[in-house]
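This briefing is for a reader who is meeting the structure for the first time. Please look over the sequence and the model before reading on.

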Amino acid sequence: MLLKRWSPYLMALALSSAAFLAAAAVPYRVDTDTAFQLGSVAQWLHGASPAPGMLRLPDPADLSRDRSVWSTWWPPGFPLLYAPLVAVLPFAAALRVTSFLLFLVGSLGWLRLLDRLAPPPWLRLLVTLALLGYAVTIGGAASLRSADLLAYAAGPWLAALALRLRERESPLFLGGIALGASYWLRYSLFLAVLPLAVFAGWRLLRERRLLRLAGLTLGFALPVAALFLLNLRLSEDLKETATGARSTWTVDDPSAFRPARVALSLAGAPGLGLFQNDLWATHLTYFSDAHLPFLRGVGFDDRLPLKSLLGLPGTALLAWALLRERRRRPGLQADLAALAAAGFYLILAAVSLLVGYDYLAKETRFAAGVLPLSYPFVLGAAFAPGRRLPALLAAFLLGAPLAFATAEFAKRDLRDRLPLRGSAAETGLLTPELSPRSVPAVRSAVAAARRSPADLVVVAGPAGWGSSYVMALDLPFRTLPVGTFSAPLGARYLDAAELRGTVPLRSSRPLRVVIVAARELVRDGWLPRLESRFPQARLWRPAPVPAHSNVEVWLSDLEVP
């Protein structure tokens, strides 16, 4: 009986451990979002930054000075949670272990919520399988692509807290603080928590127990206000604080966002988020032109309606299952699942319209912090006796993303990286933007091009959003990352760190500028434009780099009258 009760937990532990152990054989990979946030952790580890979350960068007004940069683009929870183990373990190992622990915390929370429903063994097995898919996507087994693992880890515990507050009405003030603290972890999680807070306080509002409701509300507001005040203290101005630095963000093609499409995105997003069906839907929409000729020539944003259409069957199954559960077996957990899903997506639609960016269709991974609450009801209703069509649909919607995620993990994350095991530097990170064979050799070449620790290293990665942040993790110098995604650095760096920027960069003291530019950028003619940003440089000359490197290194000494 005891083994039967704990079998889903043991299964989650065993299979996720196997995935993380298999991934330990290959170099670890981080992406733009996580690399930016981990940059401050790496600097803190080397004593260059006073705290995780605080970057130290050259001042664009005077390159001989440094400035502390507190980015409000993301909340500080991610670097703060990953910093402790980085202090005692090798960098990549610390990321793996922290991610594994966070995944286990989240899985434990979702399974505990499942056990509240006293489900049959087969349903516990199916829900566990659905959760295990996250281990090889957002879970950080082989790659840490985003901070959505924090939402997956905290989401079930915040949902359980909302149920407790609704049932016992205690502790309201402390419970409000815990719900509001989601603002420190992940902004998308905070949006998901708003319906949970409404659920927790609804009965108090309905029965006009305003004093107790005020306690819950005050507790919820305190962490939000605290982070706002911290951002106000450390960021450039009030506008940047209020908008999370998104006041500096300009969309490259504003006409690409069409508000009329938000309705379709709203209809398809829940189905795409359900069991991570966005995995195969995204691949079909964007990487299948050879098999779908009608997609050739269709732009990125113009493919979003097709992606949303692919999510409609999942949305229909989700809505049907939750409505069926509420009719047949009304309960607080089913009510919470329905409110959480509906509220989250309606809020996300409002945010999309407000900022002119389709979060619904483009950022479907945000569902990791809220939709697993609905999994028991969807699978339980679909596989109930006598339900053939829902069962077939649910089998596909559960099996397809699991098979896709497993295949991608085995091929791209494991098999394709095995030949690259010797390329990583001490960080243990996979950085093919620098070299597919030996990152330490490239780093040594960059170090040799410098005259002193005060010299400036400008890192310009391949064209794209933020590859320079990834490269900078393996170049622990006075580094200025330059790319087409500089908004997280705030208004002061919006042009200075922009590859297409035009503002001249000067120094009040003599120093050397070392440009580490992707060969792709050099081929496309970006190097002269980048060099022209330094009017004090008179002569640029190449520095020797290994033949296997994917970058060129150019240097010049700035002349100060």
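The model is predicted. Its largest nonpolar core holds 136 residues, and helix 6 is the element that gives the most to this core.

**Nonpolar cores**

- Val30, Leu38 and Phe534 touch the most other members of the largest nonpolar core, which has 136 residues.
- Helix 6, spanning residues 148-168, supplies 12 residues to this core, the most of any contributor.
- Another core lies apart from the largest one and has 17 residues, including Ala425, Ala449, Val459 and Phe477.
- Leaving aside residues up to four places away in sequence, Val30 touches Ala35, Leu38, Leu95, Leu144, Leu429, Val470 and Leu473.

**Helix 6**

- Helix 6 is mostly covered, with 16 of its 21 residues buried.
- From first C-alpha to last, helix 6 reaches 30 Å, close to the 30 Å expected at 1.5 Å a residue.
- There is a bend in helix 6 of about 35 degrees at Ala154, and the proline Pro156 follows within four residues.
- Glu169 comes after helix 6 and has a positive phi, near 55 degrees.

**Helix 15**

- Helix 15 covers residues 332-355, and its 24 residues should span 34 Å at 1.5 Å a residue. The C-alpha atoms at its ends are 34 Å apart, which agrees with that expectation.
- The buried residues of helix 15 begin with Gln333, Ala334, Leu336 and Ala337, and continue with Ala340, Ala341, Gly343, Phe344, Tyr345, Leu348, Ala349 and Ser352.
- An α-helix has 3.6 residues a turn, so residues three or four places apart point the same way.

- Strands of a sheet pair through backbone hydrogen bonds, either parallel or antiparallel.
- Strand 5 (residues 456-460) and strand 6 run parallel and are joined by 4 bridges. Val457 has Thr479 in strand 6 as its bridge partner.
- Strand 5 also runs parallel to strand 7, through 5 bridges. Here Leu456 stands opposite Val513 in strand 7.
- Strand 7 (residues 512-518) and strand 9 run antiparallel, with 7 bridges between them. Val516 stands opposite Val553 in strand 9.
- Strand 8 (residues 541-543) pairs with strand 9 in the antiparallel sense over 3 bridges. Across this pairing, Pro542 stands opposite Trp554 in strand 9.

**Burial in the sheet**

- Strand 9 (residues 551-557) has 5 of its 7 residues buried, so it is largely enclosed by the rest of the structure.
- Strand 6 is covered on both faces. Thr479 and Pro481 lie on one side, Leu480 and Val482 lie on the other, and all are buried.

**Loop residues**

- Ala118 sits in the loop between helix 4 (91-115) and helix 5 (121-132). Its phi is positive, near 50 degrees, in a residue other than glycine.
- Ala118 has a relative accessible area of 65%, so it is exposed.
- Arg208 belongs to the loop between helix 9 (187-206) and helix 10 (210-234). Although Arg208 is not a glycine, its phi is positive at about 55 degrees.
- Arg208 counts as exposed because its relative accessibility is 71%, where the cut-off for exposed is over 50%.
- Pro50 is located in the loop between helix 2 (32-45) and strand 2 (54-59). With a relative accessible area of 62%, Pro50 is exposed.
- In sequence Pro50 and Ser68 are 18 residues apart, and in space they are 8.9 Å apart from C-alpha to C-alpha.

Technical notes
Residues are numbered from 1 along each chain as its sequence is written. This is a predicted model: local features need pLDDT of at least 70, side-chain atom pairs count only at pLDDT 80 or more; totals for chains, interfaces and linings use all residues. Side-chain values use heavy atoms; hydrogens and water are left out. A nonpolar core is a set of buried Ala, Val, Leu, Ile, Met, Phe, Trp, Tyr and Cys residues joined through side-chain atoms within 4.5 Å. Buried means under 20% relative accessible area, exposed over 50%, partly exposed in between (1.4 Å probe, protein chains only). Helices (H or I, at least four residues) and strands (E, at least two) are DSSP runs, numbered from the N terminus. Contact means heavy atoms within 4.5 Å. The expected span of a helix is 1.5 Å times one less than its number of residues. The bend at a residue is the angle between axes fitted to the seven residues ending there and the seven starting there. Two strands pair if DSSP finds at least two bridges between them.
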